[in-house]
Amino acid sequence: MKQIYYTWRTYLNNIRHIRIIYFMIVIFIFLIRYNRPLLQYSADMDYPVTIWVFPFLMSSFSFLTLFYFLFIYINTDLPFMQRVQMYQILRMGRKRWIFGQIGYLLLRSFTMVLLTFFLSVIALLPHVELEAGWGKLIQTAALTGAQSEYDFQYPFFNEAFIEFTPLQLLLLTISICTLILMLISMAMLVLCLYINRSVAVSFAVGNVVLLFMVNNTHPRMRMQVSKFVPVCWAEVARVATPAYGFYWLPSVSYMLTVLIIAIIICSVLVVRKINTIEFNWEDDL
Amino acid sequence: MIEVNNLVKSFKDNRVLNDVTIHCSPGKIYGIIGYNGSGKTVLFKCILGFLKPNSGEILVDGKRIGKELDMLTSAGAIIEEPSFLKNKTAYQNLLFLYRLRNKPNKNHIIKVLETVGLDPKLKRHVGKFSLGMKQRLAIAQAIMEDPEILILDEPMNGLDKNGIKQMRELFLKMKSKGKIILLASHNKEDIEVLCDEVYEMDKGVLTQIR
């Protein structure tokens, strides 16, 4: 119970940090920009948009890049060596303290994804309708030339409408994005503990740059490359959609398995290291 | 009982603690004086388990820090400048820390805050506290679980005359209850008034001077 209390309190104490507020502001500003063509289309068709655009939004290369960079910025508090932690670790001990921080990272990753989803809906207001189905507007957009005509900032895939229900795809995207963010956080934590923060940030930024590589790989090779680039799996909405006759992403089960195993490996490395590290406290952020 | 035997701690080529030995018994206050950078804080961090010594050992009640004991979690401590959750009140900060190991006891937190001279009903966030108030809060978090060992690095920093008098009385009271108190201070008067044994740390070498 103490462990759960500590994890939950750590989350509550930190989730209103100014960097998370910056994240929300920047994301919201870009969402307004990204939704503008869709809202114009909605106005012209005189038909509202459903709330399910989030999975497709995450398939936008430029939005995803921004999302990851902002998340890396939030992660610059790793490896939690701020002086304020001193009194906590003294009470929790090394292992229980790091379990609390890992739990917090998972909750933070989930929150960032959930916030982005909610903001994507808010940015569509007031042209939004609550409907269990995909809604006529985005389905029509996916089947006609409206996407290029209105210069949509993120794509809609007709195959996704057939393969998934809206709720299924939303939950799948939220789950995979949460796990990707968690993996980025854990990989950064491992590198912070074993090497230093600069290497951790460079590694995370390097991974985001790999998105560009996947986007520019020949379609025939793209799936093979994307198997090794978890950051591109946030585009899970395109999993059923071939590009030039070739699928873009590996299977959903492959993504989930690899993400979970990688997070477990990182957690083991962190827990092993925490037993031997020295705590040199730094100023609070 | 704390036994520090032949402790050596280096950061790269810089030897910060050089064969330090000190034995501390319950019911006594041990004072350590020395210039900034002489190694006092590093010694305290080693005892608490934040830093790993290169050689030597630290035993607390016969248990070795870093082996049988992960960290000295049973100690109350103030190391370096006090730091708390800035957007919480003093009461909220203490309650959070207290609940990490104990069942919530609001009356106890209120009593501890009053003991160190802070108003438990104060709604001001810690981020807006003066250094003296933060120091009082740091002392409160160190003593609130009634630990057997207190490790206090410059506990009187930022306190006014009245505060210093209050804290001296508090530490003497804790000593009379059989606590072990390790105290680093620049203030000679604190050391004179409070300490049973006095040591000087100079370039990592600890020498008993009283």
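Student: Is helix α10(A) mostly covered or mostly uncovered, and how many of its 29 residues are buried?

Tutor: Keep in mind that this is a predicted model. A residue is called buried if 20 or more other C-beta atoms lie within 10 Å of its own. By that count 21 of the 29 residues of α10(A) are buried, so the helix is mostly covered. The helix takes in residues 166–194 of chain A, and from its first C-alpha to its last it reaches 42 Å, close to the 42 Å expected at 1.5 Å a residue.

Student: Why would residues some places apart in a helix point the same way?

Tutor: An α-helix has 3.6 residues a turn, and therefore residues three or four places apart point the same way.

Student: How many helices and strands does chain A have, and how compact is the chain?

Tutor: Chain A has 13 helices and four strands. Its radius of gyration is 20 Å, close to the 19 Å that the globule rule gives for 285 residues, so chain A is as compact as a globular protein of that length. Taken along the principal axes, the C-alpha atoms of chain A fill a box of roughly 60 × 40 × 30 Å, and buried residues account for 42% of the 285 residues in the chain. Among the contacts in chain A between residues at least 6 apart in sequence, 80% join residues at least 24 apart.

Student: How many residues of chain A are in contact with chain B, and which elements give two or more of them?

Tutor: On the side of chain A, 19 residues are in contact with 19 residues of chain B. The elements of chain A that give two or more residues to this side are α1 (2–14) and α5 (86–92), and the largest share, six residues, comes from α5(A). By kind, the residues on the side of chain A that touches chain B divide into nine nonpolar, three polar and seven charged.

Student: Turning to chain B, what is the order of the strands in the open sheet of four, and which are the edge strands?

Tutor: The order of that sheet in chain B is β2-β1-β4-β5, with antiparallel pairing. Its edge strands are β2 (14–24) and β5 (63–64) of chain B, each of which pairs on one side only. Strand β4(B), residues 55–60, is joined to β5(B) by two bridges, and these strands run antiparallel; L59(B) stands opposite R64(B) in β5(B). Helix α1(B), residues 40–48, lies across β1 (2–11), β2 and β4 of chain B, and runs at about 120° to β1(B).

Student: What is the pairing in the open sheet of six strands, and in what order do the strands come?

Tutor: The pairing there is mixed, and the order in chain B is β6-β7-β8-β3-β9-β10. The edge strands are β6 and β10 (205–208) of chain B, each pairing on one side only. Neighbouring strands of this sheet are turned by 15° against each other on average, direction ignored. Strand β9(B), residues 197–202, pairs with β10(B) in the antiparallel sense over four bridges, and the bridge partner of E200(B) in β10(B) is T207(B).

Student: Which residues of β6(B) point one way, and which the other?

Tutor: In β6(B), residues 75–78, A75(B) and A77(B) point one way while G76(B) and I78(B) point the other way, and all are buried.

Definitions and conventions. Residues numbered from 1 in each chain as written. Chains lettered and ligands numbered in written order. Predicted model: local features only at pLDDT ≥ 70, side-chain atom pairs only at ≥ 80, totals over all residues. Expected span 1.5 Å × (residues − 1). Buried ≥ 20, exposed ≤ 12 C-beta atoms within 10 Å, placed from the backbone. Rg over C-alpha atoms; globule rule 2.2 N^0.38 Å. Contact = placed C-beta atoms within 7 Å. Nonpolar A, V, L, I, M, F, W, Y, C, P; charged D, E, K, R; others polar. Pairing = 2+ DSSP bridges. Axes fitted to C-alpha atoms, helices over the stretch in contact; angles between N-to-C directions.
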